[in-house]
Amino acid sequence: MCGIVGLFLKDKSLEPKLGEMLSEMLDVMCGRGPDSAGFAVYGAGEKGKVKLTLRAVEGYDFKALEKVVGNGASIVERSTHAVLTVDAAKEAEARAALATVEGVSVVGAGERMELYKEVGLPIDVARRFKLEQMSGTHGIGHTRMATESAVTTNGAHPFSTGTDQCLVHNGSLSNHRGLRRVLERQGFKAETDNDSEIAAAYISQRMKDGRSLGEALEDSLDDLDGFYTFVVGTETGFGVLRDPIACKPAVMAETDQYVAFGSEYRALAGLPGIETAKVWEPEPAKVYFWDRKAA
Amino acid sequence: MNASTQSHAFDLSSSTVRELNSALHALKEGSNASLWRVTNPRGLHAIAAGVDAPVTVEVDGPVGYYCGGMNKHATIHIRGSAGVGVAQNMMSGFVHIEGDASQAAGATAHGGTLLIEGNAAARCGISMKGVDIIVKGSIGHMSAFMAQAGTLTVFGDAGEALGDSIYEARLYVRGSVKSLGSDCVEKEMRDEHKAQLFERFKTAGVDGQIDPGEFKRYGSARNLYHFHVDNAGAY
């Protein structure tokens, strides 16, 4: 089944509450996906710096990595994840240093994106990373009921396959094996057997080829086969796409303050001003896309 | 409403849907007509599903899946939008939605009337078996798939593959139809059909405002009913 949520803020005054709102939305979607959960938040960023989201086992001493990486790297720990901030010019060096450390993996990178996911009941996952305290401009989240691959942290969503890019998926793709081979020939290294990771990588590749997020989603309609509702985030953008037969549910709401996505209306019921929001079901095979730059 | 109408209030922020439905299910066909006001539905599922009594249920806000499902006798009024499968398998009664309805509205319903003020998404009236569905907006793809009986009246447009593999239901569409499904064809609009449409207009409260002649009728070409001898060579 799976549940997905997304929130894109238009009103700056709501930014300190992004995490709190997203956390509540994830909580309501526990019933659609109690296996595992994850979320990505686009928070504060600094020009010229990159944030690497790291993952390791429970109790891992992330702080020690500041020295390993050097170059003035700083670490903020959150349970099994940590965000390492370092000069963007030193990203490759930092990644090389981290590669020598056993048990630590880089799960996301970007100027503003932070990405957290774990096995467990979604509300517990949100709490362990203190999502409710996070602020940001937009974020996406996922509650998983696994179908295509095992219940592992790696198999949880979101998937990030490009800088400041992430994707959550409800559905299952039927041509991901073939697409995986095509992407691998183009240099993509898959971390999992998950079909959703391939969807993320496909969109990243299209954007690398010069397509905008909206255009990359248009391309997906031709190249991806199967069931999907995607919610995708980039540094400034937020996109939604459903497959042409609209197999998986989706509801959206928009006010002057935000654009919100939920697998079901229940997830949106607690949002401010929802009573008077424009609420609609996104149409099949139609790309919906918002960009902060354009706004 | 007469003076003997009993009114009950149910706040779903302090009570559960199960409590509401248990109270509604305890009502029998002969029980006094009563009015149930439900507040804070917040998109919860299965609100007022399986009611089997001539009561009125007013829901003050958007509902989730299967609201009014299997309804018999009851009038259910929703002041908001409805999720997947509203009035699914309804037997009789009246379900009225002020907003939009999600997928599979009125699916498999045997009787009663489903009135949707806004749009209905994909698969509206799928496998309908006698219900009268009226949608003031537009409907999504694969609506009235394998529809067996009843009427589907659409004031707006219809999506792809309308009436695919349809049996004997009547489909009336005022706007455009993106495409017709297999074995679904446009049919002549005779006086009996215009009269039937006029009855639907009355239900929708727009009688006298719209000319039934603006609608087109679609139904079964009946080519899928029997084995076609030309296909004998395939066996």
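Residues are numbered from 1 along each chain as its sequence is written, and chains are lettered from A in the order in which they are written. In this predicted model, local features need pLDDT of at least 70, and side-chain atom pairs count only at pLDDT 80 or more, whereas totals for chains, interfaces and linings use all residues; side-chain values use heavy atoms, without hydrogens and water.

**Exercise 1.** Determine into which domains chain A is divided and how far apart their C-alpha centres lie.

*Solution.* Step 1: domain 1 covers 3–44 + 120–291, and domain 2 covers 45–111; such bounds come from an automatic or database domain assignment. Step 2: the C-alpha centres of these domains of chain A lie 24 Å apart.

**Exercise 2.** Describe the interface between domain 1 and domain 2 of chain A.

*Solution.* Step 1: the buried area is about 1000 Å² (accessible area, 1.4 Å probe, that two parts lose on being put together, summed over both). Step 2: Ala44(A), Arg128(A) and Phe129(A) supply 47% of the area that domain 1 buries against domain 2. Step 3: the interface holds one salt bridge (a side-chain nitrogen of Lys or Arg within 4 Å of a carboxyl oxygen of Asp or Glu). Step 4: the side chains of Arg128(A) and Glu58(A) form a salt bridge at 2.9 Å, N to O.

**Exercise 3.** Identify which residues touch the most other members of the largest nonpolar core.

*Solution.* Step 1: a nonpolar core is a set of buried (under 20% relative accessible area, 1.4 Å probe, protein chains only) Ala, Val, Leu, Ile, Met, Phe, Trp, Tyr and Cys residues joined through side-chain atoms within 4.5 Å. Step 2: among the 50 residues of the largest core, they are Val86(B), Leu114(B) and Leu152(B).
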